[in-house]
Amino acid sequence: MPFARLASATTPTAHIGLGLAAVGRPAYINLHRDRDLPGTRSVEELREHTHELLDAAYAQGVRYFDVARSYGRAEEFLGDWLNTRPDVRDVVIGSKWGYTYTAGWSVDAEAHEVKDHSLATFERQGAETAALLGDRLDLYQIHSVTADSPALTDKELHERLAALAADGVTVGLSTSGPGQADAIRAALAVTVDGEPLFRTVQATYNALETSAGQALAEAHDAGLTVIVKEAMANGRLAGTDAPAVVREIAAEAGLGSDAVALALILHQPWAGVVLSGAATVTQLACNLHAPLLDLDEQRRERLDALVEEPEAYWRHRAGLPWS
């Protein structure tokens, strides 16, 4: 398992990863992107911006980087960064397949990504990822699996994924939607030649959406590495947009709301890596204060009051504009 590299890391930030969804393409659903991204958001501007963010993350102890085929040019930007820093060998690189980027580098596209979990998509996107990341790819995940996804029942696809694992690339999945727990449990049952296929699971979990928690604990107990995404609910738990109780705890600790949101995940015994989705170096530095926060039982109980019904949470998320 590539994540064994993180087990021996001495920096408290080694288990905070950096996801590049917000910087690999000009449009995303995070709040306040007009403040975060440079100039015209050209390819070269975002390439340089992403490299600065990666440099800052690595210098501060971040050792997991997460991209996807649908994150615009995120794989390309990350691959370029790795190629110009050949001495950086202690990081773990994860990508995802199953969504195709369709926005053509436009903020106003009618559709920004299209989902397809077929074997044909895996074959095409796997080749595309290999061309950009080569032997630096440690983890390849099926992107946003739901309980009814054909990726959970396609035996031919499972055989191809098992062959990828035999070649040394760990196979995982990410989940989304109000039925994440069902998807996670269905994935735990998938085997090839009697062996579990998936070795990691990436899921949304945050102060507003905790419905996958028990299933993630089960996945951890089954030996999977758990990666948590959207810890700040696409910006809803950061800065002045955060609910009052998050801002109050942050003020008590002398930290930002974002650190409180990330600290909540770091306190979960099943969480292996929590992703920062920072779009700026300043945001990243604030995120990385999370391990310093003493989020005691009383503070966690105060945060419990924020939990929303899963359907309401995902309905709100679906309504966030691409900007």
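These legends accompany close-up views of a predicted model.

**View 1. Helix α4 packs against helix α5.** Helix α4 covers residues 74-83, and helix α5 covers residues 119-133. Their axes come within 8 Å. They cross at roughly 30°. Angles under 35 degrees count as roughly parallel, so α4 is roughly parallel to α5. On the α4 side, the contact uses Glu-75, Glu-76, Leu-78, Gly-79 and Leu-82. On the α5 side, Thr-129, Leu-132 and Leu-133 meet them. By type, the residues of this contact are four nonpolar, two polar and two charged.

**View 2. The largest nonpolar core holds 95 residues.** Leu-18, Phe-65, Leu-78, Phe-198, Leu-216 and Leu-303 touch the most other members. Helix α10 (residues 257-266) gives the most to this core, with seven residues. Another core lies apart from it and has eight residues, including Phe-3, Leu-6, Leu-139 and Leu-275.

**View 3. Phe-65 and its contacts.** Neighbours within four places in sequence are left aside here. Phe-65 is in contact with Leu-18 and Leu-78, among others. The list also includes Leu-54, Ala-57, Tyr-58 and Trp-81. Val-91, Val-92, Ile-93 and Gly-94 are in contact with Phe-65 too.

**View 4. Ser-70 sits in a loop.** This loop runs between β2 (64-66) and α4. Is Ser-70 buried or exposed? Ser-70 has 0% relative accessibility, so it counts as buried. Its side chain makes a polar contact with the side chain of Glu-113, at 3.4 Å. Leaving aside neighbours within four places in sequence, Ser-70 is in contact with Arg-25, Tyr-99, Thr-100, Tyr-101, Glu-113 and His-143.

Note on methods: Residues are numbered from 1 along each chain as its sequence is written. This is a predicted model: local features need pLDDT of at least 70, side-chain atom pairs count only at pLDDT 80 or more; totals for chains, interfaces and linings use all residues. Side-chain values use heavy atoms; hydrogens and water are left out. Axes are lines fitted to C-alpha atoms, for helices over the stretch in contact, and angles run from 0 to 180 degrees between N-to-C directions. Helices (H or I, at least four residues) and strands (E, at least two) are DSSP runs, numbered from the N terminus. Angles under 35 degrees count as roughly parallel, over 145 as roughly antiparallel, 65 to 115 as roughly perpendicular and the rest as oblique. Contact means heavy atoms within 4.5 Å. Ala, Val, Leu, Ile, Met, Phe, Trp, Tyr, Cys and Pro count as nonpolar, Asp, Glu, Lys and Arg as charged, and the others, Gly among them, as polar. A nonpolar core is a set of buried Ala, Val, Leu, Ile, Met, Phe, Trp, Tyr and Cys residues joined through side-chain atoms within 4.5 Å. Buried means under 20% relative accessible area, exposed over 50%, partly exposed in between (1.4 Å probe, protein chains only). A polar contact is a pair of N or O atoms within 3.5 Å; within protein, one must be able to donate a hydrogen and the other to accept it, and residues adjacent in sequence count only if both atoms are side-chain atoms.
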